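Subject: Structure for you to look at

Hi there,

Here is the structure I promised to send over. Please open it alongside this message.

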Amino acid sequence: SGLPDYTFAETDIEGTLIPLAPLASNTTPHLVVPPPAVAQHPDTIVHPAELAEWLADLPLADSQHLADLLHRQLKLLIRDPHPAAHYRDLLNAYHPVLQSLSEQVVAHFNGSPGMVKTPRLFRNTVSQLLLEIACGYMRLINQAISLEKPPRAVDIYHAALPLVRLLQWDVLQYRLARPGVWRQLLQIFSISELYDLSGVAVSSRLRLDADAEDTHGAFFGTLVLLLSDPYRLPFTSLSRLVGGLGQLAEHLRINSAGSADFRIPLDMTGQVPPLRFARETHTRQASDHLQLDEFFGQLQSQGLADDGGILSQWLLDSLRVLAQGAEHEQQRQHARNRRSADYQFFHGLELIHERLSDLQATRTPATGEADSPDSVVVEEIINFLPEPGTPCRQADHSVEGGRFILQAGTPVPSVGSWVLFEATDTPGGQSGIGFVGQVKRHLYFDNGGSEIGVEKLHGSLIPVSIGVAEAYG
């Protein structure tokens, strides 16, 4: 996708999440954080007792105002040019309130697909808070490394966890995961591996119930989530997947070589998103691989909680296909071809039935054509009187389906729903080309637009009305 990285207003944090070269034993790791201010701001709270008093007096009833106040103060602390000796204690003091605000965002997600019921401003402000707190702990990691000391496992975990949460929230909103955040998470994980600290369990007030207890679980749960192409799932299944992966990552490892039956190539620089890199390995050199054999065994025996085995099997199939596809030049059964064409669509069985009935009534047999059964053949060229549908634009197509771009404000068909598409700018003067398909994937864009991936339904469709016949007499 050519979409830009996400940015938020009034912050330079996202712009500072710049990838570095892969870490090795002979390199000095360094995490990029916001530059310090020229001088300490007079409003910066640098004493734990004063901060505790300030936090206790915050307006808890007004979540947005609370988040705004926290963001301003935490932003000042992160950029303090002369951090106090108890800098870590100051950061830790924010954990309970950040945990509470995160729980509120997650509560908005539950039961709502994407952004429908999520206050955008509140969610973005909490996201900024998480970015700030992560940068605070990254600063502590840099300080330790600059003194030639190993960083603390707790600092690494507290730097990684907020970034994991942001990537999870992207997915829960059916948005592309932010590349800058992923690169920085990858860099933090590399440091934890370099110092053999990724598996150290951490007790933290910043954790939510579904969060992994160590950096290893947090990182690998996120990696598997991004590799699985989760945008194909309905929201209830997606939410369950996000909440369960961190607890299943114990047996996942990255190796530069190995004889595993199932392994997925990885880009450890973070320059290419995990799923795209795995799908394009034939054009790239991969020296690192995610080993999946033990994870597959654990997934089959333990599974994801309360899913009846369906979601576990979906994840197993998705990763297995990706691992097997890495051995071939073309992962997809049918190649995609770029296309830019205007369409209109009708969403839902009732509108599809109505439109098919209209097309059926207005269809004119060609000269010499014998009368045919009362049906409409999918993808057949048809004559129809234009009816108002929802406009969209086709971005690519294949034998099995296509990808469509929807304008901002357009209601997005959910995964699994049925849609009828009709071309409105057909070549050669043809009056129309149409097909019916099922939505298999969708994403939201920052500009309010979205895209859906559709799998065509082949064969013939006959619109049928089912009613109750009146009894004779």
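Predicted model: local features only at pLDDT ≥ 70, side-chain atom pairs only at ≥ 80, totals over all residues.

First, some housekeeping. Residues are numbered from 1 along each chain as its sequence is written, and side-chain values use heavy atoms, with hydrogens and water left out.

**The helix pair**

Two packed helices are described by the angle between their axes and the distance between the axes. Helix α6 (residues 120–146) packs against helix α7 (residues 153–172) at an angle of about 155°, and their axes are 8 Å apart. That makes the two helices, α6 and α7, roughly antiparallel (the term covers angles over 145 degrees). Helices and strands here are DSSP runs, H or I of at least four residues for helices and E of at least two for strands, numbered from the N terminus. Axes are lines fitted to C-alpha atoms, for helices over the stretch in contact, with angles from 0 to 180 degrees between N-to-C directions.

Contact means heavy atoms within 4.5 Å. On the α6 side, the residues that meet α7 include Leu130, Ile133, Tyr137 and Ile141. Their counterparts in α7 include Ile156, Pro162, Leu166 and Trp169. By class, the contact of α6 with α7 has 15 nonpolar, two polar and two charged residues (Ala, Val, Leu, Ile, Met, Phe, Trp, Tyr, Cys and Pro count as nonpolar, Asp, Glu, Lys and Arg as charged, and the others, Gly among them, as polar).

**Two loop residues**

Glu148 sits in the loop between α6 and α7. Glu148 is not a glycine, yet its phi is positive, about 60°. Glu148 is also exposed, with a relative accessible area of 76% (exposed is over 50%, buried under 20% and partly exposed in between, using a 1.4 Å probe and protein chains only).

Asp196, in the loop between α8 (179–194) and α9 (215–227), also has a positive phi, near 55°. Asp196 is exposed too, at 68% relative accessible area.

**The strands**

Strand β7 (residues 401–406) has five of its six residues buried, so it is largely enclosed by the rest of the structure. Strand β6 (residues 390–397) runs antiparallel to β7, joined by five bridges, and a hairpin links the two through three residues. Strands count as paired if DSSP finds at least two bridges between them. β7 also pairs with strand β10 (residues 450–456), antiparallel and over six bridges. Leu406 is the bridge partner of Cys392, and Ser450 in β10 is the bridge partner of Leu406.

Best wishes

Definitions and conventions
Parallel < 35°, antiparallel > 145°, perpendicular 65-115°, else oblique.
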